[in-house]
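Welcome! Let us walk through this structure together, one region at a time.

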Amino acid sequence: MKMRGSLSLLYGAATYAALSCALLANGSVQARGARSKAIAFNIPGGSLQAALTAFAGQSGLQLIYAPENVAGRTASAVREKLPARVALDRLIKGTGLHIRQVNERVIVLERYGTRPGTGALTVSGEADAASQTAAPIPDSIAASGVGTERSAPDPMTARDEEIVVTGSRIRGAASPSPRTTATRQALEDAGITDMAGFSRILLQNFTGGQNPGVAGGGDQGGQNNINNSATLNLRGLGPDATLTLINGHRLAYDALNQGIDISTIPLAAIERVEVVADGASALYGSDAVGGVANIVLRRDYSGAQVSARYGASTDGGNSQQQYTGVTGARWNSGGVMVAADYTHSSPITAADRSYTRHLDESQMLLLRNSQFSAVVAGHQRLAEGVTFEIDAQVADRRSRKATAFFVTRDAYTDGLVNRPRVRTWALTPVVRIELPSQWTASLEFTRSVSKTDILSHRFTAGVDSPGRLTYENHLTNIEGSAEGPLVRLPGGDARLAIGAGYRKFGLDIDVSQIVGGASVTTRDAREKRNSLFAYGELAVPVVGSANRSSGFYDLHLSAAVRYERYEGIDEVATPKFGIVYAPHRDVTLKASWGRSFKIPTLNQINQVQAGSLLPASLFAPQPSPGLPAGATVLLLGGGNPDLRAERATTWTATFELRPSFIPDLEITATYFDVDYRQRIASPVTSVLSSLGNPAFADFITFNPSAQQIEAIIAGLPEGLSNQSGGPFDPAGVGAIIDTSLRNTARERARGLDISALYRAALGEGDTLTLTAAASYLDADRKLSAGQAPLERSGVIFTPPHWRVRGGLNWERANTQVAASLNYAGGVVDDRFVVPAAIGAFTTLDLSAGFRSTAQAGLLRNVDLRVSALNILNEKPDVIRTSDPAAIPFDSTNQSSIGRFVSLAVTKSW
């Protein structure tokens, strides 16, 4: 039976709880602890300092902590065989310390609220030089795959360097913006195998637009993702309003829509993904309106690992093969990591699903896809204080998509068959220099290209009209920056980050058709844009570890500003201010306010102006007085060379609670508000009802002269498309409707993000992590001043108001089990006179990993993972369609994949 509304959530929650209890009761369901085999520890109780020294010696791990954080504290004895992480959890339980896992060999212990770098550090244990440069992995990540980052800054590595994390350009700064982090390991534990899967479980992300699984055209936007890419779309503001970075640098845009295709990055190459769902243009520039996501790569790797995975949807289709390899090396002065991935998946067709079998069986719901991708990342110390880093990636993806125009005829008779090929590459070398007075400087260069080449076949009554579409995006970016302390204050060092650079990006469009055996070019555009930018960020610790008092445990202020000038388009200065205030070590309050912007895409500016002649009889209601009998209407549309930057004002307020009396509990709540102005959109939402609607009066010209009509048509690059059914007569045109893009829309997005995490040591080596997160979104858009706002959330083909994800992860020794509940709230189909409700979409995912206990031979270091996503096989709601051949479900919110089962085998050396 279909689950709807609150009943759906209740039923899913009950099932989840029952399975959780069953897992806890089953002694055979255990978990793999700390990613390493159990160790026979013999650590006596007493001094915490002595216990940590003993732990480091027996585990072979390196511990880093401030002496004052452990002085005078005691630890319980640990005398049993346990995974290292479990043993360390026991030693620090009740001490108020938290674990920061830098990498597999380096762990930092910190007290929440203390600012790294304000005092000396003690190092216990040994680590090689390569591990000392690794970025930290937050420990607030659970089996659900995503968690909310604590506000305390990330710790220093073993080289006494503070880490720069997304949301600030200052090392060790406490960012006022909420940050969500997902590690590669947590994603793999949850059964996620690629970055497209990550985009589906990130609650702040809307999976409409450029994402796999979005089917059909029209309102669903399936044709927007013709090349089968995956982009992040925070708050549903559009992929072009979310800035996606790789190791902090930009990539070339994807196809036409100015998103970044994250599916070309193998999950095996990733250390973690940091997402700041807050306006960030003051730090990162254009596009960061909904927020910014930073994909942090593994910097190096020691050894080799290969894996093979096979999976399929149990209802049919979507058969997947994936083969992945990772290798690399570490040495005293550097290291390198190489990761490669090949994936092949078969399509899901209408014949594979009960709710689409009335469509022609050639209609695809999910594309056929094959992709190879590879990433290289490395670092090398060139001289004392000089380090060279490099990131490189390449990907090649081939897909096939078939769309049938009729129920009774296949796509090869009347339809559209596209065969896109996407080839991308990027190269970023970076030089980092340590300067006097603890300052550092860096110079980086990025060159990136993404080329989509589409062979298109449009069939009409069996006659093929082939064509070719090529979209090539390219990026060149040069940036220099510096960061360091300015002045010593009672609360710590005030620090400054500054930078400047040059960016050039372009879009080449080539569209051609085969007519009479000859290729005829219908569009040939070569557009580029240059940008100069400069930025600065200041972090001021007013209260820190040295001057705390009652009611003022921590207080940090921050300010940033960025100036960008786009040649021939616009120049923008965007500020941002933030505050992080902890009245108590258990409670932190954060707030941010800033302005963001997005430059119009090259396609929006250069889109070809098109004109169509329609019979006036199609339009209802008619204007008063009505148009003469036999009159026609000239419909105009396309880009606009006069478009300016879109601008937004954003603010967030965050509450974080980590009670010292429950040291493994974290609760976070964030309210956000985005006021997005001068949005680029067509101001006419419903063309056929526009003549009689006064809201569209500014965009309609009644009774134009014949001279006006002839002048407009003479300026149309592709001439007039006469769909009136009669000969063209300029004097017979009764109205002109101009739907060309304009900076007229205003969008508002407000809501609340809530998350909780709890980790417990259950004894006998068991660790249990529970997570729960929810996101509420209320959004609307006003296309022009005279129009009423339109809902942009909670209605069909827009994000639902509520999204919820809960998870548990249980680990012991060589076994790990995760369960995740996903809930996407229902929406309203308001496209018809009588609205209809579309039910919620609730799925349950299970994943289990097992590591071989063999100490030698072929099975040594072999992992096995079994996953069942949407194990209850939840199906989409069927929606009303005016076109019998249209996709009959909301593919932007509900998936056709169904139950998906996979098996993966991994071997490490």
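Glycine 94, which follows helix H3, has a positive phi, near 85°. Helices here (H or I, at least four residues) and strands (E, at least two) are DSSP runs, numbered from the N terminus. You are looking at a predicted model, in which local features need pLDDT of at least 70, side-chain atom pairs count only at pLDDT 80 or more, and totals for chains, interfaces and linings use all residues. Residues are numbered from 1 along each chain as its sequence is written, and side-chain values use heavy atoms, leaving out hydrogens and water.

Buried means under 20% relative accessible area, exposed over 50%, and partly exposed in between (1.4 Å probe, protein chains only). Among the buried residues of H3 are Arg85 and Asp89, as well as Val86 and Leu88.

What does H3 meet? Helix H2 (residues 48-59) is one partner: the two axes come within 11 Å and cross at roughly 175°. These axes are lines fitted to C-alpha atoms, for helices over the stretch in contact, with angles running from 0 to 180 degrees between N-to-C directions. That crossing makes H2 roughly antiparallel to H3, a label for angles over 145 degrees. In H2, Leu48, Ala51, Leu52, Phe55 and Ser59 meet Ala84, Ala87, Leu88, Leu91 and Ile92 of H3, where contact means heavy atoms within 4.5 Å. By class, this contact has 9 nonpolar residues, 1 polar and no charged ones.

Now turn to the cores. A nonpolar core is a set of buried Ala, Val, Leu, Ile, Met, Phe, Trp, Tyr and Cys residues joined through side-chain atoms within 4.5 Å. The largest has 56 residues, of which Met195, Phe198, Ile270, Ile295, Leu297 and Met337 touch the most other members. Elements that give two or more residues to this core include helix H5 (195-201), strand E13 (291-297) and helix H7 (602-606). Isoleucine 270 touches residues including Arg184, Met195 and Ile295, leaving aside those up to four places away in sequence. A second, separate core of 23 residues includes Leu52 and Val86.

Finally, look at some loops. Alanine 255, between strands E11 (242-246) and E12 (270-276), has a positive phi of about 50° although it is not a glycine. This alanine 255 counts as buried because its relative accessibility is 7%. Elsewhere, proline 621 lies in the loop between strands E29 (610-615) and E30 (632-637), and the peptide bond to proline 621 from alanine 620 is cis, with omega near 0°.

Terms used. Angles under 35 degrees count as roughly parallel, over 145 as roughly antiparallel, 65 to 115 as roughly perpendicular and the rest as oblique. Ala, Val, Leu, Ile, Met, Phe, Trp, Tyr, Cys and Pro count as nonpolar, Asp, Glu, Lys and Arg as charged, and the others, Gly among them, as polar.
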